[in-house]
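I set out to record aromatic contacts, surface patches and pockets. My entries follow the display.

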Amino acid sequence: MTYDASYDQPKRDLFDPMANPALFDGIRSKRVFAFLIDVLLVAFFTFVAGVLVFFLGIFTLGLAWFFYAFLWQAVALIYTAVTLGGPNAATPGMRAMGIEMRLWYGAKPYALLAAMHVLLFWLSFTLLTPLVVLISLFSDRKRLLHDIVLGTVVMNSSALHRV
């Protein structure tokens, strides 16, 4: 992970939907299917972690069973931070659908930003109901509320590598 400390040049927005419409073709539907794939993977990893916590609870005389209270949240948070904040800038579901995430000026997301992304996703869906998805209908880059707040953009990988 590198940090760009140059202040001489202001960062500019690299992803113009008018200049490169291929970057955002079909993003909404691809994000939905990527989400469903990621939900299945998180459920699988939560099951595996649940089995581990069960046996750990036997060895700790039931003390480790308190982890069950927040097991799926921890698994989902770690899953997103490691995959979305990793070198591919995409979760396995996103890679399967051919999309990836970038910051508005082109950098790849880092683990803390990926964790904040999933936390804001949960918060916005909890407080504002799933109707928050309607924001993508009015956004020029088909971004959701948490994307706009964090300054992230989800795009087609193939078109991104051509640009």
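I looked up Leu-52 and found it in helix H1 (helices are DSSP runs of H or I with at least four residues, strands runs of E with at least two, numbered from the N terminus). Leu-52 is exposed, at 59% relative accessible area (exposed is over 50%, buried under 20%, partly exposed in between, with a 1.4 Å probe and protein chains only).

I noted that the model is predicted, with local features needing pLDDT of at least 70, side-chain atom pairs pLDDT 80 or more, and totals for chains, interfaces and linings using all residues. Residues are numbered from 1 along each chain, and side-chain values use heavy atoms, without hydrogens and water.

I next listed aromatic pairs and found nine (ring centres within 6.5 Å, the six-membered ring for Trp; planes under 30 degrees apart are stacked, over 60 edge-to-face, the rest tilted). Phe-54 and Trp-65 are stacked, at 6.1 Å centre to centre and 20° between the planes. Phe-54 lies in H1 (residues 27-59) and Trp-65 in the loop between H1 and helix H2 (71-84), so the pair ties together parts 11 residues apart in sequence. Phe-54 is partly exposed at 39%, and Trp-65 likewise at 36%. I also recorded one aromatic cluster of Phe-35, Phe-121 and Phe-125.

I then examined the largest pocket. Its lining has 30 residues, with Arg-31, Ala-34, Phe-35, Asp-38 and Phe-121 nearest the centre (a pocket is an open set of points on a 1 Å grid over the protein atoms alone, where a 1.4 Å probe fits, with protein on both sides within 12 Å along at least five of seven lines; lining residues have an atom within 4 Å of a point). H1 gives the most to this lining, 10 residues.
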